[in-house]
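Here is a short briefing on one protein model. Look over the sequence and the structure before reading on.

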Amino acid sequence: MEERECTPDDAHPTSIRDQAPEMNEPAPSLGGARRPTGVPTLYHYTSIESMIAIFQSRRIRLSSASTMNDTSEGEWLLGQLIDVDNQQRIAGRERTLEEERTRAMLLRLAFREGAPQAYLASFSEKGDLLSQWRAYARDGEGVAIGFDPNDGRLPVVDAPPHTNAGPALACTLNRVTYGSADLVAALDALIHATVPGGVNPESFFALQMQLSGLRWLVKNPAFQEEHEWRIVNLPLQFAGDVGGGNTSISALGARGYRQAGNRLVSFYEMPYESAAVTDLVLGPGCAIHDHELALLLHDCELTHVRVRRSEATYRR
């Protein structure tokens with residue numbers, strides 16, 4: 001839901017992490033990864049029912065990306081890479097048949113076969129945004145929960161989305177970018193430089209993994225007003241059941257399932273510290289009684305949370 005354009009200096013895919021504000025130094029216990037710091041309060045818009053579950057369980061649900069409301073979810077970057085390559089070919093770019101096959105294999109593995117399925121939790125930098133109330137909080141009847149993701153309050157790391165066997169590194173926090181032409185051009189140049197000479201296993205696999213993570217951070221510019229950040233988990237599942245596997249690397253525990261209209265949605269749940277919840281915004285149509293809310297916050301050890309009501313003058 002948040003935009004920040006890449007510059008030409010962001011030539012390597014991992015540099016998308018530089019789009020976030022300043023981060024902590026690498027932590028040895030995290031294998032050199034960093035916990036976020038300096039990130040603004042991030043708001044999760046949801047229903048009252050889901051708020052109760054989030055507070056009582058002290059867990060945030062990461063749902064399968066296959067059920068998101070953006071029909072180009074995870075595909076926008078691929079479409080842009082194809083468009084840029086076509087433009088370059090019209091301008092005179094040439095490739096051998098072997099290079100064509102290598103590029104096609106790279107994109108197929110990064111975006112199709114072998115690409116890990118993403119599980120996402122979405123947040124916005126904006127805590128009182130009418131479009132968010134209408135789309136994600138029961139048409140304004142719900143709430144926006146404000147989280148402070150800094151300094152380990154949420155078990156996330158500052159890194160591009162990746163599959164990692166260590167549970168402490170399984171979830172990443174990233175700001176979404178919206179149709180960044182500079183980022184797409186940089187990735188296209190990197191792919192073009194990697195392809196000649198056939199498949200170099202080390203560089204090919206590294207680029208495949210980077211693309212399979214970055215695909216979840218580049219969205220259609222039509223969603224720009226959402227100012228989105230994402231927690232991303234990429235469990236790598238192995239042979240077994242349909243569409244996944246019985247063995248997973250980077251999973252947060254057992255998969256759960258819920259109904260969403262006429263669809264079935266799989267999810268994982270990520271724990272958080274109570275100190276991570278700092279704010280609660282009641283939607284323009286939310287009728288929660290102050291006394292009942294105070295009881296809930298007390299019972300969930302969240303009496304420190306700042307509560308305010310939306311300033312949106314919205315009537316359903």
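A contact means heavy atoms within 4.5 Å. In this protein, 78% of the contacts with a separation of 6 or more join residues 24 or more positions apart. The model is predicted.

**Confidence**

- The average pLDDT of the protein is 83.
- A score of at least 70 is reached by 82% of the residues.
- Residues 1-29 are another matter: pLDDT stays under 50 there.
- The model still has 91 contacts for residues 1-29 beyond four places in sequence.
- Where pLDDT is low, predicted coordinates should not be read in detail.

**Overall make-up**

- The protein has 316 residues, and 48% of them count as buried.
- Its secondary structure comes to seven helices and 14 strands.

**Helix 3 with helix 6**

- Helix 3 covers residues 97-111, and helix 6 covers residues 201-214.
- Their axes come within 8 Å and cross at roughly 45°.
- An angle under 35 degrees would count as roughly parallel, and 65 to 115 as roughly perpendicular.
- Helix 3 and helix 6 are therefore oblique to each other.
- The crossing of helix 3 and helix 6 is right-handed.
- On the helix 3 side, the residues that meet helix 6 are T102, M105, L106, L107, L109, A110 and F111.
- On the helix 6 side, they are F204, L207, Q208, L211 and S212.

**Helix 5 with helix 6**

- Helix 5 spans residues 181-194.
- The axes of helix 5 and helix 6 come within 11 Å and cross at roughly 155°.
- Angles over 145 degrees count as roughly antiparallel, so helix 5 and helix 6 are roughly antiparallel to each other.
- Helix 5 and helix 6 make a left-handed crossing.
- Helix 5 brings L187, L190, I191 and T194 to the contact.
- Helix 6 meets them with S203, F204, L207, L211 and L214.
- F204, L207 and L211 of helix 6 meet helix 3, and these residues also meet helix 5.

**Helix 2 with helix 3**

- Helix 2 runs over residues 76-90.
- Helix 2 and helix 3 pack at an angle of about 165°, with their axes 11 Å apart.
- Helix 2 and helix 3 are therefore roughly antiparallel to each other.
- Helix 2 passes helix 3 in a right-handed crossing.
- L77, L78, L81, D85 and R89 of helix 2 make the contact with E100, R103, L107 and F111 of helix 3.
- L107 and F111 of helix 3 touch helix 2, and both also meet helix 6.

**Two loop residues with positive phi**

- Which loop holds D139? D139 lies between helix 4 (130-136) and strand 4 (143-147).
- D139 is not a glycine, yet its phi is positive, at about 55°.
- The relative accessible area of D139 is 22%. Buried means under 20% and exposed means over 50%, so D139 is partly exposed.
- H227 sits in the loop between strand 7 (218-219) and strand 8 (228-233).
- H227 also has a positive phi without being glycine, and the value is near 50°.
- With 23% relative accessibility, H227 counts as partly exposed.

Note on methods:
Residues are numbered from 1 along each chain as its sequence is written. This is a predicted model: local features need pLDDT of at least 70, side-chain atom pairs count only at pLDDT 80 or more; totals for chains, interfaces and linings use all residues. Side-chain values use heavy atoms; hydrogens and water are left out. pLDDT is the predictor's confidence in each residue, from 0 to 100. Helices (H or I, at least four residues) and strands (E, at least two) are DSSP runs, numbered from the N terminus. Buried means under 20% relative accessible area, exposed over 50%, partly exposed in between (1.4 Å probe, protein chains only). Axes are lines fitted to C-alpha atoms, for helices over the stretch in contact, and angles run from 0 to 180 degrees between N-to-C directions. A crossing is left-handed if the near helix is turned anticlockwise from the far one by less than a right angle, and right-handed if clockwise.
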